[in-house]
Amino acid sequence: MSLKNLFSSAVALMVFLGLADFAHSAPAEPFPEFESQGGLGVIGVLVPWGEGATGGGVPVALLDTGVRLDHVDIGPNLLPGFDFVNGDSSPNDDSLIGHGTQVAGIIAAVRNGFGTVGVAYDAKIIPVKVQDREQIRRNNDMIAGIDFAVANGARIMNLSIQGDTTPEIENALVNAAGAGTIIVFAAGNQGFIAPTRFSRVAERLGGHGIIVGAVDGNLNRAAFSNEADGLMDHFMVAPGVTIETTTNSSPSAITRFTGTSASTPFVSGAAAVLLSAFPNLTGAQVVQILFESATDLGAPGVDPVYGHGLLNLAAAMEPAGELAVPSSGGSGSSFAAGALVLGGAIAYAIQKSGKKLEKTLILDKYNRGYTANLPDLIAVREEFPGLESLLESLEMETGSLFVPLTGNHALAMSYATSQPRTRSATMGHDPFETEHEEVPNWAMSLTGNLGPRWAYALNMNANPRRGFSVTGEADGLTDYAFLGEATFSSPYLGFGESANSANIRYRLSQQLDVRLGLTATEDDVDDYGVSSDALVLQGTFHPHDRATFALQFGQLVEHGSMFGGASAGPFSVDKSDTTAVGISGRVRLSQNTALFGSYNRGVTRVSDRAGSMIQDVSTLYSESYGIGLSGRSLFRRDDSFGFVVSRPMCVAAGNARLDVPTSIDSGGRIFSESARIDLSPTEQETDLEAYYKVKAKTGAEYGLHVLFRDNPHHNAELANDVRMYITYVSRF
């Protein structure tokens, strides 16, 4: 597994957990009306109800036999309708079985402590009477009823009706779908392998049509229900046997209802619930969400019996696809939620200040808005190896080649690649297996002398800092075994793991030399990596053989980020330009020990990026420093050791405006809240690190590294971090 994949998995897990407060929040508590209507539990309606998604005023047109207008469970949720059978504005249900009233109760019976309750108990019913008391309809009434529903703003049209169709009726339905109306058809009660001819127009509705079959209490296809053959891409099922609902025999009458006419309003009500929770959804998106979230029944996948499967409102409420953070100010762009990555220099300051604006908006692939805890979503780019990267290294195949060239030149090449393997994962879904093969990661260095005073190094995909440090002198008293190496070399050369670089050194005298280096870092720029260019000029002074001192000037330009944050994420900037100065020194205390130290300070100016959460950034001042002792022959001739105390880079002074997107309206407009934040932490991280290495007679090297971090990431709220690494290196 590559570092990128490991980091991606970690960020994905953080985002998944951060959204849990919305997507998996506690469902509503059951109550008598709910418990008496068994189909509600089957479709998972308590989850959206727990979020307040109850249909909230969404208009649902019911083209049927009308509705008992004075029914206590229906009347409060009725909008003005029309009776096309009798030509008046009183679409009362006079049918022999109360068909329209039964359907209406499943959709939107009110929650009033009496009788039953609907799937979307706060939705509104537009009663459109197109069938008489024997459930017979005229084609002209049907066409007029469809047009009336659309003209009166119906977002959903429930058609729990049978009968013939005509080209004119189908054209009216096509026009209704073109206006954005979701049209839900009953599959029919003939027990056929295919839905009724009337419902087949669903395939002409541009993704706005749903055909609904019925299942029994055991979630098997009801014997009477038509199947999905030929239209399975437009088909799903819902409970349809002995469903408790309202009827028209009295103002408070309750009955049991069976048929695909009963299963259809479950889906209509579910569509109303989704629209009340996410009013910016289009009709076609609602249909697609209901299909994609359905519980698979029968043969795996979409099948000719159950189509997409059983209606599942709990799953329909969960975010789908890649999650994104919308740009603040509603500019229309968004950033992958996995790109909420910050550099350690400012991470905690934003996490802590973000608690003032703790809730942020996260969008799924349908632009549905979810609330998440902003501080919990932030990932910090880690400089120290963790357990994941160590486990990764155990699976790495590595190799190297050193080739002396003519003159005083040499070429060194190395590679590292993961072994091909199969792995499984379960992130709240069914287990899956993937075959994974990494492309080898190559590094190359070309070094040499251009004369008695000139030396050069060209590095590809390698650590660029090695050429700019006084800790790695040739006498072997100090080396690069420290995990916090960046503090003691050139921390402002960039924040990627590797880079392409070139440096040239000119020796002015035995005591003084000058080195100029250029570095270009390109690390997963399209995802959450870093892109930067750096120039560093270092003068090194050797007053005598026991001491070395260096003065360093640098210029770092980060493209899209600051201090190593994601270059294309919600906290990205257009550009940050840092001018840095550093001083370092090394003194040999004895033949076997050396004392060394470093101090670095930078001044950063930031250009804002439109839509980023970070805006109006002031001039930032940052610093890092450390001191250490290292040497050899502590216990035996071929051992080495080291101890350092360091403070990794953090912002010492500076502030910015934090703009956090908080909500999205029905038109898709994003609204944000803002606060001015201090980017300097109240507490600073202090690192204590020690190592001991020894070589065996076989040439193998054993090592022990211990790292203690006080206030990791400059965050006083985090527990102290202690890491221990045991290493074994064998060359053959």
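1. Ser663 stands opposite Phe671 in strand S32. The model is predicted, so to speak a computed one: local features need pLDDT of at least 70, side-chain atom pairs count only at pLDDT 80 or more, and totals for chains, interfaces and linings use all residues. Residues are numbered from 1 along each chain as its sequence is written, and side-chain values use heavy atoms, with hydrogens and water left out.

2. Let us stay with that part of the chain. Ser663 faces Phe671 where strand S31 (residues 655-664) runs antiparallel to S32, joined by nine bridges. Two strands count as paired if DSSP finds at least two bridges between them. The open sheet here has three strands in the order S28-S31-S32, with antiparallel pairing. S28 (614-615) and S32 (670-678) are the edge strands; each has a single partner, so one side of each lacks a neighbour in the sheet.

3. For the chain as a whole, there are 14 helices and 35 strands. Both are DSSP runs numbered from the N terminus: helices are H or I with at least four residues, strands are E with at least two. Of the 732 residues, 53% are buried; that means under 20% relative accessible area, while exposed means over 50% and partly exposed lies in between (1.4 Å probe, protein chains only). Among contacts between residues at least 6 apart in sequence, 68% join residues at least 24 apart, a contact being heavy atoms within 4.5 Å.

4. Next, a run of neighbouring strands. S22 (residues 499-507) and S23 (residues 512-523) form a hairpin with four residues between them, and they pair in the antiparallel sense over eight bridges. Tyr506 stands opposite Val514 in S23. S23 also pairs with S24, again antiparallel, over 12 bridges, and there Gly517 stands opposite Val536 of S24.

5. Gln552 deserves a look. This residue is found in strand S25 (residues 547-559) and is buried at 8% relative accessible area. Its side chain makes a polar contact of 2.7 Å with the side chain of Gln538. A polar contact is a pair of N or O atoms within 3.5 Å; within protein, one must be able to donate a hydrogen and the other to accept it, and residues adjacent in sequence count only if both atoms are side-chain atoms. Leaving aside residues up to four places away in sequence, Gln552 touches several others, including Phe468, Ser489, Val536 and Ala580.

6. The largest cavity holds about 60 Å³ of space. A cavity is a set of points on a 1 Å grid over the protein atoms alone where a 1.4 Å probe fits but cannot get out, and lining residues have an atom within 4 Å of a point. Grid points are joined across faces, edges and corners, and a volume is the space filled by probe spheres set on the points.

7. Where does His714 lie? Look in the loop between strand S34 (701-710) and strand S35 (721-729). His714 counts as buried, at 2% relative accessibility, and its side chain reaches the backbone nitrogen of Glu685 at 2.8 Å. Residues touched by His714 include Gly344, Tyr348, Cys650 and Pro681.

Terms used. 1 Å grid on protein atoms, 1.4 Å probe; cavity = no way out; pocket = protein on both sides within 12 Å on 5 of 7 lines; lining within 4 Å.
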